[in-house]
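Dear colleague,

I am handing over the structure we spoke about, and below it you will find my notes on what turned up when I went through it. Please read them alongside the coordinates.

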Amino acid sequence: MTSSFAPLDPPAGDGPSSKKRVAYFYDSDVGNYAYVAGHPMKPHRIRLAHSLIMNYGTYNKMEIYRAKPATRHEMTQFHTDEYIDFLQKVTPDNMDSFSKEQGKYNVGDDCPVFDGLFEFCGISAGGSMEGAARLNRGKCDIAINWAGGLHHAKKSEASGFCYVNDIVLGIIELLRFKKRVLYIDIDVHHGDGVEEAFYTTDRVMTVSFHKYGEYFPGTGELRDIGVGQGKNYAVNFPLRDGIDDVTYKSIFEPVIKAVMDYYQPEAVVLQCGGDSLSGDRLGCFNLSMRGHANCVSYVKSFNLPTLVLGGGGYTMRNVARTWAYETGVLVGQELDRILPFNEYYEYYGPDYELDVRASNMENANSRDYLEKIKTQVIENLKKTAHAPSVQLTEVPRTTLAGTTDEDDDILDDEDEDMNKDVRTTKRRWDQRVTRDDELDESEDEEESKANGVVAAKEGPKRRNVSAGPDVEMGSPSPVPEAGSSKVPEPEPTEQLEVEMEKAPETAPVEKSSAAVESSSTDVTMADAPTEAVEPETKTEPGTTAEE
Ligand code: V1D
Ligand code: CA
């Protein structure tokens, strides 16, 4: 027997402050990339979610953008040059000549080489970086990138289906303007790549809720709390199988409330991995869609600039339902329980309803266990005592990519001119030749063929292509050393010093003229909906109407 709806209160946040300016990043190419046959990670799920979002009319309540794919140069703000060069060079056809590198960079079964791998990474990272840049400039309150959230990627290693860590890159972008950034991870797997990147700094607090115990990636114990300056700024909540909506809420809300009180972040990054949902192909939790979305709603209620990202999630129809619903939560739209007709309607049978329901599986997390972990986590947070005294008195003139913000403005203008044709029209949509069917996920019936894997696409010009002074991680820049691995634990000695050039000491960060301009191309209809809904086009100056 399956329970219907978990007894959660309706999502909070119906007050006046709940209306947010939401920027949504979607690249209509993303669903065409496919890992290898039989692999559980399917970028096609992002297209399913997008189709629901369009057909529910949610696009009306947010700005839709297609980000410029992140460049090699941008990716190396975190990753090593050699690793990114490898990702850029390797293809299924030449991979045999890279056997040594495949071992070195952990490319193989979990992280296979597939057609368009580098472009896929660029799309994922581009959305998160531009989302962060828009938040930095105060251009939106919430940025969404369901193609992001790839939390396992390391500085020079792929891991757990992740190659380029868009989250770390997005946080690095946020750190240009925000003193403290909070990262929250509700994927069923531990957010190890992000934790590791910021393990030694207090500029980022990482908080991960995850299954722990004989489960990938094997990290994320309660006692892993960060080192040096970062001690107590990594938070881990290890969980057992079968956690349900009510018990998840009973730990998530008090922990996040304590984090907000003690850490006082200036921006939040929320990884919404959908593998913590009930019935996930790889997961082992028992959250309903509403239980999962309660985390989104709760984080939103703090009214902080927030970057919302995807992550894992392997039962595609449930991931799509949940991310569509969560997009609704973020824009303040309640979605009908009956799914709108859409081009992937057959995925949602036999009920064709929105809800992902919890099952009757056993919850191996006793109240007592959860209470003990929660108490310890909150005790650790108290040790941070005060928000760290990072003095962000000056705003860097250069972007992390090395260009000035004025350069970016100019490139933005050029981009707007150069990309007038990026919008997909309904006619083009109708002319699509690839089919995206993949109904039986457990069978995984050669979906890559059906998905029509795309060849590498020449990306449009991006804001940071000019040669400029690199802002080195660990140099006197506003960012902490990312990618540092866990090291033996010294006691904190001194606060992180932030030295930057030229901006006046009292400059209000978000209004600074040095604010980075995003080079997003506005995409009014990245994918047009089916006949059922005809969206109003939202245009910004410089964009064109449909063909
Ligand atoms: F089942 C599979 C079929 C084909 C290829 C891989 C898998 C698979 C399932 N689970 N791989 C895993 C996990 N890997 C291992 C290692 C293999 N070693 C011998 C151990 O257990 C990886 C699970 C990755 C989860 C990724 C994620 O959900 O956290 C995610 N979040 O954002 C993006 C991905
Ligand atoms: Ca997690």
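Please keep in mind that this is a predicted model. I begin with the ligand, where a polar atom in the side chain of tyrosine 314 sits 2.6 Å from an oxygen atom of ligand 1. Aspartate 275 places a side-chain N or O atom 2.7 Å from an oxygen atom of ligand 1, and for histidine 151 the distance from a polar side-chain atom to a ligand oxygen is 2.8 Å. On its own, ligand 1 has 740 Å² of accessible area, of which the protein covers 65%.

Threonine 247 belongs to helix H8, which spans residues 245-263, and since its relative accessible area is 6%, threonine 247 counts as buried. Leaving aside residues up to four places away in sequence, threonine 247 is in contact with Asn363, Arg367 and Leu370.

Serine 297 lies in helix H9, which covers residues 289-300, and serine 297 is classed as buried because its relative accessible area, at 3%, is under the 20% cut-off. Between serine 297 and glutamate 326 there are 29 residues of sequence separation, while their C-alpha atoms are 8.0 Å apart in space.

Definitions and conventions
Residues numbered from 1 in each chain as written. Chains lettered and ligands numbered in written order. Predicted model: local features only at pLDDT ≥ 70, side-chain atom pairs only at ≥ 80, totals over all residues. Heavy atoms only, no water. Polar contact = N/O pair within 3.5 Å; in protein donor to acceptor, adjacent residues only side chain to side chain. Areas by Shrake-Rupley, 256 points an atom, 1.4 Å probe, with all protein chains shown as cover. Helix = DSSP H or I, 4+ residues; strand = E, 2+ residues; numbered from the N terminus. Buried < 20%, exposed > 50% of the residue type's maximum accessible area, 1.4 Å probe, protein only. Contact = heavy atoms within 4.5 Å.
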